[in-house]
Amino acid sequence: MIENIDLSLVNWSRAQFALTAIYHWLFVPLTLGLSFILAFMETIYVRTGDELWKKITKFWMTLFGINFAIGVATGIILEFEFGTNWSNYSWFVGDIFGAPLAVEGILAFFLESTFVAVMFFGWNKVGKKFHLASTWLVAIGANLSALWILVANSWMEHPVGMIFNPETARNEMSSFRDVVLNPVAIDKFTHTVTSGFVLASVFVIGISSWFIIRKREEILARKSILIAGIFGLVSSLALALTGDSSARTLAQVQPVKFAAMEALYNGKSEAGLTVIGALTDSGERIGEKKVHDVKMKIAVPKLLSVMTTGKGDGYVPGLRDLVNGNPEKGILSVTEMIERGKYARQLLTDYKMAKEMGDAASLETLAGKFRDQDFINNYFRYFGYSYFDHPWQVIPSVPVIFYSFRVMVGLGFFFILLFTLALLFFYRKSLERNKWFLWLAVISIPLAYLASELGWIVTEMGRQPWIIQNLMPVNVAVSNISTGAVQTTFWLFTVLFTSLLIAEVSIMVRQIKTGPKH
Amino acid sequence: MTLMISHTFLQNYWWLIISLLAGLLVFLMFVQGGQSFIFSLPKNDMQRKMLVNALGRKWEFTFTTLVTFGGAFFASFPLFYATSFGGAYWVWMAILFSFIIQAIAYEYRSKPSNVFGTSVFDTFLFINGCLGPFLIGVAVATFFTGSDFSLDLFNSVRWGSGWHGLEALLNPVNLLLGFAVLFLVRVLGLMYLYNTIEDDDMSFAIMKRLARNAVPFLVFFLAFAACILLGSGYMADRATGNVSLAKYHYLHNLTGNIFTLILFLAGVALVLVSLWTGMIRHSRRAIWFAGPGTVVVVMALFFMAGFGDTAFYPSSADLQSSLTLARASSSQFTLQTMMYVSFIIPFVVLYIWYAWRSLNRTRITGEEMTGEDHTY
């Protein structure tokens, strides 16, 4: 069936999904964070009755609306692309993956879409408290929506709460609780939404700083900086904590991605965490993959070991250990995993053939195998490896992940400093005197977007070549359509999304320049 | 102890939910129907602004219902999701494109510096208004006429036609439902605009167009109904699951299930009453008859396609690859878990109704469009 899939089809399908996801993620984090900032501002308005806060809320709400629409537009494609471009995936895991998507629609999307209409159009149609409740419900709905899609995404990183059913040749959910409380999901949700809060706070502070530079709307700007500064500082500290927690979980459930993030090829005890470094080609190879040296390295001693094992002298496996195996540390080689995976896949084929032939005795024996814990734990868990020809194929692109991770983390710490300075200058009433800071805040806006996108690049590129970690590689998941069809839609999406982005930025800039309505 | 409900019951329950979402989606496509009049109904920019703002406050509902419809299908019948979306690639892509351009058009059309100008965004609304409902109608018609696909041992789909779904446009029966849905949503759109906008000139223009769209809708719908009821249907053997073509199968499904029959007749009656109240009595409440009527007629069509030992997504290329509820569904555990989640739907409907009423308490006027509030 899928053995003959054209690799270029896989790559174009990946490119199309990446394109859609990257565009979608340009707009979502601002929605996640700005919705709460609006709710804070409107709460102050309702509690104090100060019309200025209403004006401030309405100004940011206009920008929210411009961003929200394009986020919705790019979001619909992502959901349906699972079916259009990854149909084998959709069937293989739809029983588990589809449920959070459906819950997202029922619980979150309707909440968001119903009350966003009240939020925009209800100022003079509903009472103040109902309007305020609507604004809060939009924020809650948007973030609930993020929860469910991240639960689904986390399952791809760390599949739990399911059993394989040979009868249907797919994975089926056995515990909804395990799927929702997946440790990766908890880390990912908290890390992702707080990153959205940080981005929105940088956005508000950056634009407010521009107003102060231009000596316009200074009261609005200062009050906005106060709200976004507090929200941003709290969120960025939470972001750092959740990032740390994410990395610890990652080390356990996706050791290859973790080693790639550190460009750690040889496992070691007392491993340090690289803060800064430059990768160079060492000239060595693992299969066809380059091995990189880390030059100009600044590292925190033992920190990687602590993060991974909780002990300073703990052993952190490198990519060579994970590919070639390390019996001393109980790490199986990928070659062995491929063999075990092939055995499991052969049993599935035998099961299907026995069913076709009506061979009841073989069917029962084989079905028993798929219920056997020893087979599940030692063979079926490597099912996805059966699709690889070479062990080195499990290594993702190390430079992309290594650099993306460092830039993202570096910017995360920079934002903590930015929010601290914003609050400091606000309380000292010296914002307008520190022009350098105001300009820094303005140029930080694209940096926040960069950090946010890089986070997803680490997550998704780091999982390659898997679509579902250890269970299904991307080349098996792809739809059986022509490469030309996907190339056509890829370019159509590129033109469409880019045009819409240009319109969005142009409208946004114009609205900012116009300022609030008086 | 965990209560386990039978898998068959759960499959039927989820088909009912899918049918309900489909019904709501077609009703809410009054937004698309209204958009299809963006260039023909308004006589000036102010009237166009009123039309766009009347619809623009509801477009999110339609959009969300479409997304939820897709999500619910993915979760409850993943093999359909994989087969149809992965196979009929171009039809679904065309539908999606039409919805992407709609989502931004409302917010951007009247904003300064929108790069492309208002007329481009209005054209986006027009394209979505015509293409979206028509293609959704064609796609749903394949539930009765079949599609060109086969599934292998591992349920991997292979689409026969290189047109990947566009070949459905060559089947006249599919086109009948496509046009029926298009004219139905245009009628619904007119009724909604009549209900929402306070403008004598526009009201007169709406009334003029109501009959012109109601007649083609009735003709296309009755022709489609006649074709499927009097033609052959894809019957699945309950014991073996084997699929075969059976004469008058959908007619039997309609008359053999009292609920389906009541829904169908009640829905048709409500739509006819709405046309009478709208066209003859010029009532602003016509939409409130047509809306529920549309929902239950669509539900009845889905019941005919899915219940009564029927393959709901038939393959015209390989009958045994056809999808029945039993074959395409998620596991018993997943369906039951999601059933508990679905119990929240009445609460969702309740708050939507409350918010809708709050916003629609006063009709849209030209005066409101020139005020300082958020407008499109």
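Let's start in chain B, where helix α8 (residues 172-196) and helix α9 (residues 200-230) pack at an angle of about 150°, with their axes 8 Å apart. This is a predicted model, where local features need pLDDT of at least 70, side-chain atom pairs count only at pLDDT 80 or more, and totals for chains, interfaces and linings use all residues. Residues are numbered from 1 along each chain as its sequence is written, while chains are lettered from A and ligands numbered from 1 in the order in which they are written.

**Helix pairs in chain B**

- An angle over 145 degrees counts as roughly antiparallel (under 35 is roughly parallel, 65 to 115 roughly perpendicular, and the rest oblique), and α8(B) and α9(B) are therefore roughly antiparallel to each other.
- The contact of α8(B) with α9(B) has 21 nonpolar, two polar and two charged residues. Here Ala, Val, Leu, Ile, Met, Phe, Trp, Tyr, Cys and Pro count as nonpolar, Asp, Glu, Lys and Arg as charged, and the others, Gly among them, as polar.
- Axes are lines fitted to C-alpha atoms, for helices over the stretch in contact, and angles run from 0 to 180 degrees between N-to-C directions.
- Helices (H or I, at least four residues) and strands (E, at least two) are DSSP runs, numbered from the N terminus.
- Helix α1 (residues 7-28) of chain B meets helix α12 (residues 286-306) of chain B at roughly 140°, and their axes come within 8 Å. α1(B) and α12(B) are therefore oblique to each other.
- Among the residues making that contact are B:W15 and B:F27 of α1(B), along with B:M299 and B:F302 of α12(B). By class, the contact of α1(B) with α12(B) has 13 nonpolar, five polar and no charged residues.

**A buried helix in chain A**

- Eight of the eight residues of helix α8 (residues 255-262) of chain A are buried, so this helix is largely enclosed by the rest of the structure. A residue is buried if 20 or more other C-beta atoms lie within 10 Å of its own, exposed if 12 or fewer, and partly exposed in between, with C-beta atoms placed from the backbone.
- The buried residues include A:K257 and A:E262 as well as A:F258 and A:M261.
- Cover for the buried residues of α8(A) includes α7 (218-253), β4 (273-286) and α15 (435-463) of chain A.
- Just after α8(A), A:A263 takes a positive phi of about 50°.

**Another helix pair in chain A**

- Helix α6 (residues 183-213) of chain A packs with α15(A) at an angle of about 155°, their axes 8 Å apart. α6(A) and α15(A) are therefore roughly antiparallel to each other.
- In this pair, the residues that meet include A:W210 in α6(A) and A:Y449 in α15(A). The contact divides into 14 nonpolar, six polar and one charged.

**An exposed leucine**

- A:L417 lies in helix α14 of chain A, and with 12 C-beta neighbours inside 10 Å, A:L417 counts as exposed.
- A:L417 and A:L233 are 184 residues apart along the chain, yet 8.5 Å separates their C-alpha atoms.

**Where the chains meet**

- In all, 63 residues of chain A are in contact with 64 residues of chain B; two residues are in contact if their C-beta atoms, placed from the backbone, lie within 7 Å.
- On the side of chain A that touches chain B, the largest share, 25 residues, comes from α3(A).
- That side of chain A divides into 37 nonpolar, 18 polar and eight charged residues.
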